[in-house]
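Biologist: Could you walk me through this one before I set anything up? I'd like to begin with how the parts sit together and then look at the pieces.

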Amino acid sequence: MGVPIRVEVNGRVYEHTVEPRLLLVHYLRDVLGLTGTKVGCDTSQCGACTVLMNGLAVKSCTVLAVQADGAQITTIEGLAKDGELHPLQQAFWENHGLQCGYCTPGMILAAYDLLQENPNPTEEEVRHGLEGNLCRCTGYHNIVKAVLDAAQRMREG
Amino acid sequence: MGQYIGAAIKRLEDPALITGRAKYTDDLQLPNMAYAAILRSPYAHARIKRIDTSKAAAMEGVIAVFTGEDIAQSGVPGVVPVGWLLPDLKTPPHPLLARDKVRHVGDGVAVVVAEDRYTAYDALEAIEVEYEPLPAVVNPADAVKEGQPLVHEDAPNNIAFDWSIGDKEATDEAFAKASHVVSLDLVNNRLIPNAMEPRATLADYNPVTGELTLWMTSQNPHIHRLLMSLASLGLPEHKIRVIAPAVGGGFGSKIHHYPDEAITAWCAMQVGRPVKWQATRMETYLTDAHGRDHVTHAEMALDENGRILGLRVQTYANLGAYLSTFAPAVPTYLYGTLLSGEYDIPAIYCRVIGVFTHTTPVDAYRGAGRPEATFVVERLMDLAARKLGLDPTEIRRRNFVPPDKFPFQTQVALQYDSGNYEAALQKALEIIDYKNLRQEQERLRQEGRYIGIGFSTYIEACGLAPSAVVGSLGAQAGQWESALVRIHPTGKVTVYSGSSAHGQGHVTTFAQIVADKLGVSLEDIEIIQSDTDQVQYGWGTYGSRSAAVGGSALAVALDRIVEKGRKIAAHLLEAAEEDVVFEDGKYYVKGAPDQAKTLQEVALQAYLAHNLPKGLEPALEAVAFYDPPNFTFPFGTHVAVVEVIPETGEIKILRYVAVDDVGNVINPLIVDGQVHGGIAQGIGQALFESAVYDENGNLVTGSMLDYAVPKAHFLPSFEVDRTVTPCPHNPLGVKGAGETGSIASPAAIVNAIVDALAPFGVEHIDMPVTPEKIWRAIHGNGRS
Ligand code: FES
Ligand code: FES
C-alpha cells in the first residue's frame, strides 16, 4: 500500500513509493541518505529536523513524506551553492555558533526562515525567532551572535 | 608561546558540521542492516510474571525477539558493572534486560530486531508482558526509612553506601565554640542531561573472524570496549572495536556503560546481521543517567568576625535503581572533597548516604558533584553574610585562601595547587560596577522594584587525576591519558589521542598545540581520536580532563619528537646535540640559522634510515602516557543580577558576568563557548529544569514538552572574562574549562534571587526557582 511521491530535494527530483506513515525526516535520512537533517526528539520540540519546504522552515518530523509530494525541499546539504558557504554557515563558523553540531543544520535553516521574514532583527527577535530550536551546547550566546552577523552579511550581500 | 596557542582560531571541525556532512552514529548504514527497539517497563517496580513474544516474533519484517532469559541462556556475562567501589558498597547485579523484576520505569524487558525502525516499534506493542506491580519509592530521604519497599533485597534500607569525609569531632567542637551558626535544608534538583543527539549504536559482528565493530555515542570508547568485553559480552577485548563517530554532545551521559548498546551488540551476534539502535527522546529521558538529586542538611559555624570555623553536611544522594558506571564517585569524592570551596575552613565533616530508589540511575552530569557542593557552600556563605550583617563579598574575602598559602591542604583531602581568588572577585566587581549597582538596588527598592545581586566564588577540581590516587579511592579505572605523534616521511603529522571529543573541538585545540610545538601549519596536521583500533589506550573525555591531561600527553609526546629529531639533525649538521636549537620547524646550530634542517628533512632521513646516528631507531614517532600529578583547580567569580517581580514571581536575568580562571587558554573562542554552555545548563538547573517523579515512580517530566530545556529566549547573553593563573604542574599550564559554568551558576542565580527578595525576609528557595515558588516564598514564611 505504498504511495508514489515526487519530491525535489536540493534541486534534484526524486520519485519513490513510500508508506503513508513515513515521516519526511526518515524519507530524507533513510531513503535518500541525506543525513544532515537530524532527529532529536519525538514531540516536535527540538527543531533538529528543520528543513525548508517550498522556502519555509518546517519540522520534518511533523510532516509525512506523502505530504511533501510535489514540494521543493532544501536541507542543510543544499544550502551552500557552488562550493560557497551560505552567509549563515559562514557566520556560524566564524562566531563559533556550534559545538557538537547536532542542532546546527536545523538551527541554520530556522535562522534562514527567520531572516527571510525579518532581515534586520534585534537580539530579542532572534532569540524569540529560534524558540522552536534547542541547543544544549552553546547556551545560544554565539548562535545569536552568528544570526545577527549573518543578517548583516546578507543585507550587505 | 607561538602564534597558535592562545589564538581564536575558528574550528577545523566545523566545515563538515555546518554542511551536514559529518556522520553521527544514526547516520551510518550498513548493507543488510536491521533495527533494534527495546521494550521498557511502564512500572517503577513490578515482578515480571510472564513474557509472551510469540505474536511479535510472527510479525512480517520481525527478525527476532529476545528477552533477558535468552541473554542469560546465551552464556555471556550479561551485566552492566559499576566502575567505582566504596567501602561496603552494595553492588546488586544489573542485567542487560530485566528477568525477575523491573526496578524503574524504562528498565528494559525485551528487544525486537526488525527489518526497519517502524516494524521494530510496531512489534514492541505486540509483546505481552504480565506484571505484578509492587510499591515503589522515589525519594532518597524516604527510601532509607524502615518499612519502605526495597529496590534490591540485599541492600537493607535501600542504602548502597554510608560514606563520610573530614573530622567529625573537630567539626563538632568548632560548632560548640561558634558565635554564629547558619543552616540550610535543600534539595538539589534532579536533572536530565539532554544531549541533543540521543544515544545510539550500530553493531556489526563478523562470525568468521569473531570481530565486533561498534559505532556508538561514546565519550570514552576504550572504557566502553573494556566493559563490553569483561562484563557484558564476554568477547575478547582485542576482538572488539569501538568507534565514536561525530557525537552530538554528552555532558556525562555518554560516559556510562548502559545495557542498550550491549543488547544491540548481542543482537547483532545472534542474528548475524548489522543491527542499529537509537533511543527515542523519551527513551533517553528514561535511560540516560540523570544528574544531582540530593537531599541535604548543611550547617556552617562562624566566629564573631565572620570567619568560618566549621562546616557540617549530611546528604542523601539518590542513585536510582542500579549503580551506573561511576555513580558511587559522584556524590562522594566529587562532592565531599569540594566542600571547602575557595575558603580556609579549619574543620569539615560530611556524611553521604547513597540510596537506591525506583528511578532511573543517577551518575555524572556536567559538573558531577561539584555543582552540588558549590551550591551548599555558596548558599551558606550568603546566609552567613546576612546573619552577620556583612556584604556577601566581604564575608567571602575574609575566608578566601590567600594567594600566598598555596599549595593549600583542605580538610577534605584535596591539595589546591594554586589560586588567586581575590583577583577574580575584584575583576567581576569592576565589570558589574558593584558599588553603583548596590546603590541602584537601594534606589529601585524605594520604587518598589526588586533587583538582586548574587555571587558564586567557586572552586573546581578537574582533570582527573593521579591514577594511584583515584585507585586508592575506589576507581576501577586509570586516569592518565595518551598521545601518539607520528611524523610522516613528508613531514605531515598525525596525532592519535586517547581523548574523545563530542563537541568540544579537540581537533582544533590539539592541532594548535602541535602547530606551535613543531612549527607546522594547521593543514598539515590530522588529529585522530575515538577509535579503539586506531588509538592506543585512552580514558576519554569527561571531568574537564582533555586539555589538562590529554593535552599534556600530547605536549610530552611532541617534546619527545623534537628531541629525537634533534639527534638526527645534529648528526646531519655534524654538530653536538646540545648546540642544536629547534625553532619554527627548523633545527640549526646556535648562531647559524641559515644552515638549517627542516623537520620535514629530518623526518625523511628518519624514515630512509640511510644515515642515522649510531644506535638510533628509524622513523619519527613518539608516544606519551601522561599521568597527572594532581587535579587542576579552576576557580572564579560568577555574578548574576536579576530582577524579581513580586506580584507575579517573574524573574529576569539582567546581567550574567563570569570571570573564570582556567589557566592558560589555548583557544579563547572554544573556552568561552564552553563557559557559555555550562552557564546555560546551570541557569537551567536554577530556574527551569527538574526531573519529577510521582509517588508511583512515573517520570512526570518524561518528554521535552514537560522538561524545560532552556530555549534561546529564556537566557541572556553572557559577559565572560578571565584571570590567568597557570596550572603549576602540567606542561601547558592549563586547567579544565568545560564545567565551570554549570558549577558556578546555580548558586549565583539563587543567591541573586534571594538577595532581591531580602526585603520580604526570604532566606532560601529550592531549585528550580519558579515564579510560583517565589510567590509562595513572598507570601509564606520566608522559606519555600
Ligand atoms: S526531531 Fe525534534 S522537532 Fe523534529
Ligand atoms: S551545538 Fe550541540 S546541541 Fe547545539
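Biologist: How many residues of chain B are in contact with chain A, and how many of chain A with chain B?

Modeller: Keeping in mind that this is a predicted model, 59 residues of chain B are in contact with 46 residues of chain A.

Biologist: What area is buried between them, and what part of it do carbon and sulfur atoms give?

Modeller: About 4,600 Å² is buried between chain B and chain A, and carbon and sulfur atoms give 54% of that area.

Biologist: Which three residues of chain B supply more of its buried area than any other three?

Modeller: Those are B:Ile18, B:Tyr118 and B:Met196, which together supply 17% of the area that chain B buries against chain A.

Biologist: OK, chain A by itself now. What pattern does it follow along the sequence?

Modeller: Chain A has 5 helices and 5 strands, and reading along the sequence gives β-β-α-β-β-β-α-α-α-α. Its radius of gyration is 15 Å, close to the 15 Å that the globule rule gives for 157 residues, so chain A is as compact as a globular protein of that length. Along the principal axes, its C-alpha atoms fill a box of roughly 50 × 30 × 25 Å.

Biologist: And what percentage of chain A is buried?

Modeller: Buried residues make up 57% of the 157 residues in chain A, while the accessible surface of the chain comes to about 6,000 Å², with 47% of it belonging to carbon and sulfur atoms.

Biologist: Let's look at the helix at 24-31 in chain A. Is it mostly covered or mostly uncovered?

Modeller: Helix α1 of chain A is mostly covered, since 6 of its 8 residues are buried, namely A:Leu24, A:Val25, A:His26, A:Tyr27, A:Leu28 and A:Arg29.

Biologist: What do those buried residues pack against?

Modeller: Within chain A they pack against β1 (3-9), β2 (12-18), β3 (50-53) and β5 (72-74), and from chain B they also meet α4 (117-126). After α1(A) comes A:Gly33, which has a positive phi near 75 degrees.

Biologist: Switching to chain B: how many helices and strands does it have?

Modeller: Chain B has 20 helices and 28 strands. Its radius of gyration is 27 Å, close to the 28 Å from the globule rule for 784 residues, so chain B too is as compact as a globular protein of its length. The box filled by its C-alpha atoms, taken along the principal axes, is roughly 85 × 75 × 50 Å.

Biologist: What about burial and charges there?

Modeller: Of the 784 residues in chain B, 66% are buried. For chain A, with 12 positive and 18 negative charges, the mean positions are 5 Å apart.

Biologist: Why does B:Glu460 count as buried?

Modeller: Its relative accessibility is 0%, and buried means under 20%, so B:Glu460 counts as buried.

Biologist: And which residues does B:Glu460 touch?

Modeller: Leaving out residues up to four places away in sequence, B:Glu460 touches B:Leu338, B:Arg370, B:Ser544, B:Thr632, B:Phe633, B:Pro634, B:Glu739, B:Thr740 and B:Ile743.

Technical notes. Residues numbered from 1 in each chain as written. Chains lettered and ligands numbered in written order. Predicted model: local features only at pLDDT ≥ 70, side-chain atom pairs only at ≥ 80, totals over all residues. Heavy atoms only, no water. Helix = DSSP H or I, 4+ residues; strand = E, 2+ residues; numbered from the N terminus. Rg over C-alpha atoms; globule rule 2.2 N^0.38 Å. Buried < 20%, exposed > 50% of the residue type's maximum accessible area, 1.4 Å probe, protein only. Areas by Shrake-Rupley, 256 points an atom, 1.4 Å probe, with all protein chains shown as cover. Lys, Arg positive; Asp, Glu negative; His and termini not counted. Charge placed at Lys NZ, Arg CZ, Asp CG, Glu CD. Contact = heavy atoms within 4.5 Å. Buried area = accessible area lost by both parts, 1.4 Å probe.
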